[in-house]
Amino acid sequence: MSGWDEGAVYYSDQAQFPESGTDAAAATPSRHTILRKFKEFIRNLETDKNVFPYRESLINNPKSLLVHLEDLLAFDAELPSLLRSSPSDYLALFETAAAEVLQSLRLKEQGESGEMKEPETREVQILLSSKEDPVSMRMLGAQYISKLIKIAGITIAASRVKAKATYVSLVCKNCQSTREVPCRPGLGGAIVPRSCDHVPQAGEEPCPIDPWIVVPDKSKYVDQQTLKLQENPEDVPTGELPRNMLLSVDRHLVQRIVPGTRLTIIGIYSIFQAANSSASHRGAVAVRQPYIRVVGIEEVNEASSRGHAAFTKEEVEEFKKFASRTDAHEVIRSKIAPSIFGEENVKKAVACLLFGGSRKNLPDGVKLRGDINVLLLGDPSTAKSQFLKFVEKTAPVAVYTSGKGSSAAGLTASVIRDSSSREFYLEGGAMVLADGGVVCIDEFDKMRPEDRVAIHEAMEQQTISIAKAGITTVLNSRTSVLAAANPPSGRYDDLKTAQENIDLQTTILSRFDLIFIVKDKRDYGRDKIIASHIIKVHASANKTSGDSRTAKEENWLKRYIQYCRTECHPRLSESASSRLQNEYVRFRQDMRKQANETGEASAVPITVRQLEAIIRLSEALAKMKLSHVATEADVIEAVNLFKVSTVEAAQSGINQQVTLTPEIKQAETQIKRRLGIGMRISERKLIDELARMGMNESIVRRALIVMHQRDEIEYKHERRVIVRKV
């Protein structure tokens, strides 16, 4: 019985006036009870033996406390449902509980005069997190107002940080009495009373109506910032515009989010009266704007590769088993755009682009990109846009845009003036929103040159720097670029040099790791196979669309790419490095030799960037097999891929085509007969005359090109007139 005489206070929870209370009042526990439960939860929740995570967390970081709703549910089943139903009331209670627990956990402090005193209470911000699935932004309706919700999206704008008053200090202009009025959290304001409750003495003037003046210096403030959250592109239904939602974050959540970040947030769906509502809504007192007051942010960072990156054990085993197969590269290639016939090398390049190389951060702060950029250049109807559409579907994050309809600001970032606060803020464009994924740009050649320059920096440095309207900043755009373009004349013309066919600047071409020239070859056997393949695809289209297997395979490839990108970061082996060095030097020598022979530099430069490109390709090929080392075999494969794409593009065109056949020599003699030295003739007339003699037009054109290269003739009047030189 020794425990009884300790000076402790024992009490039980009993309603004070039980007979007057209704059943409803008895059903919801009192605020004091809930406050006690919250305090017990923070103090006493044990995960393992003698491990108190929330107590430790409070001591280590006294400003904020991250609470998992699952832990709260395990501790007391009632608390989460109360939090969900009326979060604004109970969150404030939770924060009070956390502040009181923190005060009791801390030691007494020595005051200025030397005596020990209780530590002052500090505010603690409670942040919530839960594992439930997010709600779609389109589903948010009136039934969710003042409830706890979880939604996902991309932030497209962030405002500056403002100071928001929590308590407003008021002073009466007549009797100078002061009072403090609490402010509603979020975007709500304070309710200032209309009258002063001071009782006037005899002969004293009574306080008028609305006597209160706000004293800003004595009010208490917290930081607040507004964000704009837009639906994830993959969640937007076809033909609809993406919805966006206003978010309000305060205290320790401010300035944590930059535009372009993917988030999952937990917040309270609230409403506010918009100050600058349109004239039609000015009289409508009952119409309010919705916004979300954020109480927890889960940043879906790049490491988890955006999206559900939690892989089950079975999946991981299946992936590893697949990676150990000898024909892994072939199987992956066969899964890339299966409806397109042939184009094996392009498919291999697209696979490398989807898997990507390894990003490296050097000790001196330089970052080397790991993303692979591919350009498809060539004739119409060679399935270039189909590849782009396939990549958009398969890549974990992808943005599809067309060259003609994209401006520089739309691709990088634009500065927009906020209509309500009149201040400027940034909105990220396609390259920022696809951070960590792929940007597919169709009709790349139709872009205006000044817009094309805007993506130079994004393709090599992988950042977008902005200095507009007083905003100077750098945004991340760690994206791969897959671009499709047509030659200037629409078709690839074998009678023109590579320079004339590839009408893009060297600066942008050197940023592409692989450049494919896709030609529509006229070949009887090949045409027959392609025709039967396309007819088969059209005939069996409806059967496969209902088949769940194809959808499952697509999803499998997406998941496998995601897994490889997160788990595997290969590096080159010693033997592969030396092999690569020799190959690169040989490429440079070949190009120099070609330049000396033809007398002009190649259209596609072979620079150090191309060496880095082969390294990235080798790493991507190793990543497909989940290998952490890129071997010599990977380098050989990457070099072969590089040869059939970029090197072939550099050597394509008329330079290698014109071998002096007897027909060309004959045409040359005929031209010289008709065209004396110093004479001029219309090209059309000359070709018609020789055609009458039974000569092929293309042979005559080739002969003219050879003579032009030898500097025997020159063109005038927009290449319509030929002049024989001395």
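Before the first entry, a reminder to myself: strands here are DSSP runs of E at least two residues long, numbered from the N terminus. I also note that this is a predicted model.

**Entry 1, a loop residue.** I started with Leu253, which sits in the loop between β10 (244-250) and β11 (262-272). Is Leu253 buried or exposed? I find Leu253 buried, because its relative accessible area is 2% and the cut-off for buried is under 20%. Next I listed what Leu253 touches, skipping neighbours within four places in sequence: Gln125, Leu127, Val294, Gly296 and Ile297.

I then zoomed out. The protein has 726 residues, and 43% of them are buried. I count 27 helices and 28 strands in its secondary structure. Taking contacts between residues at least 6 apart in sequence, I get 72% that join residues at least 24 apart.

I picked helix α10 (residues 344-355) and helix α11 (residues 384-394), whose axes come within 11 Å and cross at roughly 30°. Angles under 35 degrees count as roughly parallel, so I put α10 down as roughly parallel to α11. The crossing of α10 past α11 is right-handed. Which residues meet there? From α10 I have Val346, Lys347, Val350, Leu353 and Leu354, and on the α11 side Phe387, Val391 and Thr394. I sorted the residues of this contact into 6 nonpolar, 1 polar and 1 charged.

How many residues are in the largest nonpolar core? I get 58, and Val391, Phe516 and Tyr560 have the most contacts inside this core. Helix α10 supplies the largest share of the core, 8 residues.

Leaving out residues up to four places away in sequence, Tyr560 touches Phe319, Phe322, Ala323, Ile332, Phe355, Met624, Lys625 and Leu626.

I also found a second, separate core of 31 residues, with Val432, Ile441, Ile455 and Leu504 among them. As background for both entries on packing, I jotted down that nonpolar side chains tend to be buried together in soluble globular proteins.

How values were computed: Residues numbered from 1 in each chain as written. Predicted model: local features only at pLDDT ≥ 70, side-chain atom pairs only at ≥ 80, totals over all residues. Heavy atoms only, no water. Axes fitted to C-alpha atoms, helices over the stretch in contact; angles between N-to-C directions. Helix = DSSP H or I, 4+ residues; strand = E, 2+ residues; numbered from the N terminus. Parallel < 35°, antiparallel > 145°, perpendicular 65-115°, else oblique. Left-handed = near helix turned anticlockwise from the far one by under 90°. Contact = heavy atoms within 4.5 Å. Nonpolar A, V, L, I, M, F, W, Y, C, P; charged D, E, K, R; others polar. Core = buried A, V, L, I, M, F, W, Y, C linked by side-chain atoms within 4.5 Å. Buried < 20%, exposed > 50% of the residue type's maximum accessible area, 1.4 Å probe, protein only.
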